[in-house]
Amino acid sequence: MEIFLERAKDGLLTCKIQKENNRSYYLYSKYKPLRLLETLPEIKKDKNYVILGIGLGYEIVYVSENTNGKVVVIDYNHQFYNLIKENNELKPNIDNRNIEFLFGDEYINCLSIQNDDFEIIYNPQILELHPAFFAKVLMYLHPKKKACENKTVVLMEHNALIEDCLDAFKKKSFQCIKLDWATKEKLLLKISNIHPAFIFTINYSEIIAEISETLQIPYISWTVDTPCYSLYSLKIDTPLSAHFIYDEAIVHTLQKRGVTNVYYLPVAGNPERMMATIRKNNNIQMHYDVSFAGNLTISEYTQKIEPYLSAETKKIINTILEEQEQNKTEFTIRSKVNSELVHRIQEESHYPIIGNELLSPEEKLSFLLGREHSQRERIRFVQQLEKHFSCAVFGNDSWSIFAKNYQGYADYYEVYPLVFHHSKININLTRTFVETGLPLRVFDVLSSKGFLLTNDKRDIHRLFKDGRDLVVFRDNQDLVEQIDYYLHHEEERIRIAESGHEILCKYHTYIHRIEKIIELGKRRSWL
């Protein structure tokens, strides 16, 4: 890291930082360096203060001139201290004052910090110079200011489930702080300043795992998507983390490979929110015979691999995908992929097929081809439905090419509950490479008191009852026959929808799932 002093527009000194990654930024304004002081809290005469980072000393002078209390300054090293001492223009700012400077780990043995009450002052730009160090300092300082039991959870943003999780944590008396994703350095500082009981994410994140280890804050994740490649990293197995996964087959795979902190936890529904949205919009006219809601993801294979393959290799892969299409109950692609095929595809397409410590390249290719199969399967599935019924399709605009009755993107919170409730039949098609678990769609349809017709997965029979709470179709012909039957048997259809809603409310809400997470946190003595 290099420091360049410059003259700001108002005549005072500012400084530009050049970091090792060639990123450069200013610690203070190029126009008015003291503008930063306007953002600091009011300094009180009778208070003691800890200042994080020396910078050019502007914060130190501002605090020390306005308090009669102690001022302790903590910095990573002597770099800025020496800079100020060597510069006559800056030197008088911090000389001859009752200020204690601490460097590196000296703060741990500082009696002033241990024995006195104090307020913390810092310039965020300075903290970003050494984020891991300052994050640890903040973690050290905050417990000395908090005597009450910590029931704060940091939740990282997610496009669908996080609001329902947040609501459930609040109902269990937790204080919840939701953070947007940012760089690891920024998150380190934000989370250390909050000092939560634990961090929570939807889907496992290696960045949050690293932050958890640095700050020694417990980390809990709930993975609800497949494939989640980051799960297959050795970083997942740490004493201060617990990771819940919606597909029990993945849990068993990781456990067989030595991971000790993964647990099965199915997805959930929020019937309270769903039904409130439906009641709020009871004047909206929305009626569909059959609907399918889900994105059409154009696979990596279609975009980056297939265009560069030879006819012979394409034939091999198409045979594997066709065999998968004939088997609706098992992920057969996994057993058909070998190292020779991986090498062949990489040689022809130059697309890297790289696994993780706990995921082989062959398994990575299985997931890539599984996503391709899912793409083809959804297109065939919808086009077949459109031949027989009026079928409304909701999702991303990739559907506009393939679906005649594409209805566009539907907002998850405001529109999906209405679609599910006002469709006579909602279709779920769980992807083949999801071996035992159920997607969010299943729980959202039942939360909305909608009728659900779904393909078969093991968790259907573990969590619900076929014919009572929902209906399972076995193959394409059965799907068409079941739709035709339930379109003409309204009373039976409504009875099944009501039973599914009742079972979900009783056993499968976010409150039920969060209680499992809290229970484990208590067993680990994190809560």
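1. Quick term first: partly exposed means a relative accessible area between the buried limit, under 20%, and the exposed one, over 50%. R334, at 31%, is therefore partly exposed. Bear in mind that this is a predicted model.

2. R334 has a partner: its side chain meets that of E435 in a salt bridge, 2.3 Å from N to O. R334 sits in helix α13 (residues 333-336) and E435 in the loop between β16 (423-428) and α17 (440-447), so the bridge ties together parts 101 residues apart in sequence. E435 is partly exposed too, also at 31%.

3. The whole structure has 30 salt bridges. Another is K178 with E157, with the closest N and O atoms 3.4 Å apart. K178 is in strand β9 (residues 175-179), while E157 is in the loop between β8 (152-156) and α6 (162-171), 21 residues away.

4. For a local pair, look at E372 and R376, 2.7 Å apart at the closest N and O atoms. Both are in helix α15 (residues 361-388), four residues apart, about one turn of the helix. E372 is buried at 2%, whereas R376 is partly exposed at 24%.

5. No disulfides turn up anywhere in the structure. The sulfurs of C165 and C176 are 9.7 Å apart, too far for a bond. Both cysteines are buried, C165 at 0% and C176 at 16%.

6. On packing: the largest nonpolar core has 124 residues, and I74 is one of those touching the most other members. Helix α5 (residues 131-141) contributes the most to this core, with seven residues. Beyond its sequence neighbours within four places, I74 contacts residues including L52, I113 and F133.

Definitions and conventions. Residues are numbered from 1 along each chain as its sequence is written. This is a predicted model: local features need pLDDT of at least 70, side-chain atom pairs count only at pLDDT 80 or more; totals for chains, interfaces and linings use all residues. Side-chain values use heavy atoms; hydrogens and water are left out. A nonpolar core is a set of buried Ala, Val, Leu, Ile, Met, Phe, Trp, Tyr and Cys residues joined through side-chain atoms within 4.5 Å. Buried means under 20% relative accessible area, exposed over 50%, partly exposed in between (1.4 Å probe, protein chains only). Helices (H or I, at least four residues) and strands (E, at least two) are DSSP runs, numbered from the N terminus. Contact means heavy atoms within 4.5 Å. A disulfide is a pair of cysteine sulfur atoms within 2.5 Å. A salt bridge is a side-chain nitrogen of Lys or Arg within 4 Å of a carboxyl oxygen of Asp or Glu.
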